[in-house]
Structures are given as structure tokens and as C-alpha cells.
Amino acid sequence: MISEIADYFSRHGKDYLALLGGHIGISFISVAIAMAVAVPIGIAVYRSKIGSTIAERSFGVLRIVPSLAVLIILIPIMGTGVLPSVTALTILAIPPILINTVQAFQTLPKAMLEAADGMGMSTAQKFFKVKLPLAFPLMFAGIRTAVIEVIASATLASYIGAGGLGDLIFTGLSLLRYSLLIIGGGSVAILSLLTGFVLDSIYKQITKYQRT
Amino acid sequence: MIAVELKNVNKQFKGQTTPALDNVSVQIEEGEFVTVLGSSGCGKTTLIKMLNRLYEADSGEIFLFGKNIKEQNPVELRRKIGYVIQQIGLFPHMTVKANIATIPKILKWDKKRIDKETDRMLRLVQLEPDEFRDRYPAQLSGGQQQRIGLARALICDPRIMLLDEPFGAIDAINREILQNELKAIHQKSGRTYLFVTHDIREALKLGTKVIIMNEGKILQYDTPENIINNPANEFVENLIRTAELKGGA
């Protein structure tokens with residue numbers, strides 16, 4: 001088995017890197033689009049109780065649908081390939097970012113906002129100098145959740161032709177080559193763990209000020 | 001010069017049966033340290049939040065140095081007024097220096113001036129600049145945090161300082177020290193201070209004049225001596241008596 005794995009890397013090293021790159025790329029794009037959608041929506045709706053409930057619920061429903069189902073539902077609409085995969089992964093990544101953004105802005109400490117008003121900050125200054133930096137740690141935690149979910153689910157996206165490390169797993173399954181299954185599954189696991197570790201380190205860095 | 005003038009100011013909050021301010025009129029001379037005394041819900045906090053337009057009056061007029069505050073941009077107005085609150089409200093993601101320099105940065109003071117003035121403010125509130133400048137609020141005690149709160153409010157040398165129970169959450173020993181320092185800062189500056197408190201001893205100790213409020217009305221506005229010697233009515237008389245029972249003012 002080990003020799004088979006070594007053999008794969010020596011003969012298909014370049015292919016492997018392409019799959020890994022594709023996996024990271026598709027995950028990155030999906031989360032980036034999700035952020036571009038969820039953060040502005042979250043900021044737009046957090047003040048209104050009805051608005052934030054509607055936004056959270058409607059994206060929350062999408063979250064319950066299994067990611068594989070979302071992928072397959074999209075085939076008749078968008079066909080196969082990268083585009084439907086990114087769409088599905090984006091839908092998956094939006095809820096944690098949106099919910100945390102709404103939460104973060106709703107729970108800003110009142111005293112700090114009052115101090116900001118009282119000292120004469122304009123609405124924009126208060127937003128960029130106080131609200132956004134104070135909300136950021138919780139927003140970041142939502143982004144972290146989204147990234148981990150997307151990296152795992154991107155494996156399934158290979159099923160509809162998005163490429164990525166899932167290709168190894170699906171090829172391994174159809175050819176009954178366990179070495180490919182181990183390489184594919186192991187790579188996704190290591191990628192998830194590594195990404196989680198990096199994001200946790202960044203989180204610690206940006207919340208350093210909270211410690212005494 | 002009259003620093004603060006209220007003319008028949010009324011304020012009622014939604015969902016409340018009694019007004020927070022009931023036809024309040026008062027004139028405060030420049031340079032006074034006015035303590036505003038009353039129990040919770042008497043309208044004392046409403047009164048000072050009206051001066052920097054955190055609350056707007058339902059009716060009546062408010063003048064600061066002869067200018068109607070309604071005719072001034074609220075953001076510009078607030079930059080000329082120091083504001084300190086009990087919960088302090090330091091920005092936790094900013095260092096001590098960045099907190100103090102918040103408004104100077106917005107006003108685009110040059111870096112040298114900001115460095116010089118933040119250090120001067122730190123010394124004014126009895127904190128060693130080299131030791132405290134780069135700390136975060138989480139690394140400070142409650143008393144130290146409120147010193148920074150004061151420094152932040154004082155840096156632009158506002159003609160009026162509004163302080164809403166600033167020492168309410170600080171232990172007795174540090175409160176005593178901070179009261180004395182604040183009194184000294186006020187005397188040196190000659191600025192006008194309005195200081196809200198529910199502690200009668202604090203009110204009589206710090207105030208050059210005291211406003212006593214109850215149920216949205218000003219019952220008496222006078223020097224501490226006159227309030228003790230000639231209480232305006234039974235309510236004030238009782239209030240003075242409670243303070244004397246605790247050991248006098």
C-alpha cells in the first residue's frame with residue numbers, strides 16, 4: 001500500500017498538485033463570494049428584527065439541505081463543472097458568515113457606542129473605527145466555520161465535475177484503488193486541519209487585545 | 001458668561017407616564033463645577049445627555065455659551081464637549097494612546113502634537129506615559145481605565161465637561177483619590193463641569209454648586225453651603241439629613 005502511494009506521488013506529483021490547487025482554489029472563491037454576499041446583507045439587516053430573522057431563516061433553510069443534494073439539484077439548472085460547484089459551496093458558506101455578522105453587530109457593547117457618539121464621531125467614523133473592528137472577531141469565527149465546511153464539501157463537488165481532491169476519491173472508488181482513496185481522503189483531512197490551525201492562529205492574533 | 005442655559009425644557013420618553021424632564025430652566029455660569037444630584041430616574045442623566053444632543057428635547061431651548069444647540073451640527077457640537085460615562089466605554093481594540101487620541105486623529109492633528117498631548121494627558125491623570133501608552137484597556141484596573149476615559153475627554157480642552165456618574169463603579173479608596181484629582185484638574189482649567197451623581201457626599205464635596213433633582217424637576221440649585229443651611233424644601237432637608245447620618249459632608 002505504502003509503495004503504491006509512493007508510486008502515485010512519483011508518477012503523478014504534478015497531477016496531485018493540480019488537484020490540490022483546484023480544491024483550494026474552488027474553496028477560496030466560494031468563501032470569498034459568500035463573504036461578499038453575507039457581510040453586506042448582515043450589516044444591512046442587523047438593526048431590524050424582522051429583517052435579520054428573515055435573512056437568517058432563509059439562508060438557514062439552505063443550510064439544512066445536505067450539500068450533496070444542493071450539488072445535484074443544481075445539475076439540471078447549471079449543468080456540471082466549476083460554476084454549479086462554486087454556487088453550491090457559496091450557498092453553503094453564506095449562513096455561518098451571515099449569522100455571525102448579524103450577531104456580532106447586534107451584541108456590540110452599548111457603552112462603547114455611546115462613548116463614540118458622545119465624543120463626536122460621525123456615523124461613518126463610528127462604523128469603521130468602532131463597530132467593524134469590534135464585530136470582526138465574531139465575523140471571523142463565522143468565516144472560519146464556513147471555510148472548514150467548504151473544504152470538506154468541495155470533495156463532493158468533484159462528483160459534478162469541479163475537480164479537486166474529490167477526483168482522487170471518486171476515481172479510487174470506481175477503480176477500487178485504496179491507495180487513491182487514502183491519498184484523497186487523507187489530503188482533505190490534512191488540508192482541513194491545517195486550515196483550521198492557521199485560522200485559529202489568526203483569530204488569536206486579532207483578539208490579542210482582549211487578554212489581560 | 002453663562003455657559004449653559006436651559007429654558008423650559010421638557011422631555012418625555014415613549015412608554016413612560018411621567019416626564020423625564022418637567023419644564024426645567026437653569027443658568028450655569030462658566031467655570032462652575034456643578035454636581036447634579038438625585039436618585040435614579042430623577043432625570044439627572046437625561047439633563048446632561050440633552051446638552052450634547054444624545055437626547056433631543058421635546059420642547060424648550062438649550063444654549064451653550066449663548067448659542068442654541070439645535071442650530072449646531074451634533075457631531076461638531078460633541079467634539080467641543082467632553083463626555084465621560086460610568087461604563088467608561090474605552091475602545092478595547094485600541095491602545096491607551098489610540099483611545100486618548102481618537103478625536104485628535106479625526107481632527108488630523110499632526111503626529112508630534114498627538115504624541116505630546118497624549119503624554120501630557122496621561123500625566124494629568126497621574127499615569128506614567130512610558131508605562132501606560134501602549135497598553136490595552138483590558139490590562140488596566142477600573143480606576144486606571146476611568147483615568148484614560150477622563151484623559152480622552154479632556155484632550156481637546158473642551159469648554160464643557162459632562163460626567164455621568166464617572167466614579168460610580170470604582171472602589172471607595174480610588175474614588176476618593178479620583179475625586180480629588182478631578183477637583184484639582186477643574187480648578188486649574190477654569191472650565192465648566194457638570195457631574196451627575198446619586199451620592200450626596202460626592203455631590204457636596206465636588207460641587208461649587210449643586211443641582212438637586214427629583215421627578216424631572218430641579219428642586220434647588222445653589223452652593224453646597226446654602227443647600228445645607230437653607231434647604232429649599234422638605235425633600236432636600238431629608239436628603240441632607242441622610243448624608244449627616246452617614247458621617248456628614
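**Entry 1: the interface**

I am working from a predicted model, so I treat every value here as computed from that prediction. I began with the contact between the chains and found that 24 residues of chain B are in contact with 20 residues of chain A. The area buried between chain B and chain A is about 1,900 Å², and carbon and sulfur atoms give 70% of that area.

I then looked for polar pairs and noted five residue pairs in polar contact across the interface of chain B and chain A, both residues of each pair being at pLDDT 80 or more. On the side of chain B that touches chain A, the elements giving two or more residues are helix H2 (74-79), strand E6 (81-85) and helix H4 (102-106) of chain B. Sorted by type, the residues on that side of chain B are 14 nonpolar, six polar and four charged.

**Entry 2: the charged pair between the chains**

How many salt bridges are there between chain B and chain A? I find one salt bridge between chain B and chain A, formed by B:Lys49 with A:Glu114, whose closest N and O atoms are 3.2 Å apart. For context, the search of the whole structure gives 19 salt bridges over all chains. The pair crosses from A:Glu114 in helix H5 (residues 110-118) of chain A to B:Lys49 in helix H1 (residues 44-51) of chain B. I also checked accessibility, and both A:Glu114 and B:Lys49 are buried.

**Entry 3: charged pairs within chain B**

I next recorded the salt bridge of B:Glu165 with B:Lys44, in which the closest N and O atoms are 3.8 Å apart. B:Glu165 lies in the loop between strand E7 (160-164) and helix H8 (172-189) of chain B, while B:Lys44 lies in helix H1 of chain B, so this pair ties together parts 121 residues apart in sequence. Both B:Glu165 and B:Lys44 are buried.

A further salt bridge joins the side chains of B:Arg147 and B:Glu181 at 2.7 Å, N to O. Because B:Arg147 lies in helix H7 (residues 142-154) and B:Glu181 in helix H8 of chain B, the pair ties together parts that are 34 residues apart in sequence. B:Arg147 counts as buried at 9% relative accessibility, and B:Glu181 is buried with a relative accessible area of 16%. I also noted a network of salt bridges that links B:Lys97, B:Lys111 and B:Asp115.

**Entry 4: strand E3 of chain B**

Is strand E3 (residues 33-37) of chain B enclosed or open? Five of its five residues are buried, so E3 of chain B is largely enclosed by the rest of the structure. I find B:Phe33, B:Thr35 and B:Leu37 buried on one side, and B:Val34 and B:Val36 buried on the other.

E3 of chain B runs parallel to strand E8 (residues 192-197) of chain B, with five bridges joining them, and parallel to strand E9 (residues 209-214) of chain B, with four bridges. B:Val34 has B:Leu194 as its bridge partner in E8 and B:Lys209 as its bridge partner in E9.

**Entry 5**

Five bridges join strand E1 (residues 2-11) to strand E4 (residues 59-64) of chain B, and B:Val4 stands opposite B:Leu64 in E4 of chain B.

Key. Residues are numbered from 1 along each chain as its sequence is written. Chains are lettered from A and ligands numbered from 1 in the order in which they are written. Side-chain values use heavy atoms; hydrogens and water are left out. Contact means heavy atoms within 4.5 Å. Buried area is the accessible area (1.4 Å probe) that two parts lose on being put together, summed over both. A salt bridge is a side-chain nitrogen of Lys or Arg within 4 Å of a carboxyl oxygen of Asp or Glu. A polar contact is a pair of N or O atoms within 3.5 Å; within protein, one must be able to donate a hydrogen and the other to accept it, and residues adjacent in sequence count only if both atoms are side-chain atoms. Ala, Val, Leu, Ile, Met, Phe, Trp, Tyr, Cys and Pro count as nonpolar, Asp, Glu, Lys and Arg as charged, and the others, Gly among them, as polar. Buried means under 20% relative accessible area, exposed over 50%, partly exposed in between (1.4 Å probe, protein chains only). Two strands pair if DSSP finds at least two bridges between them.
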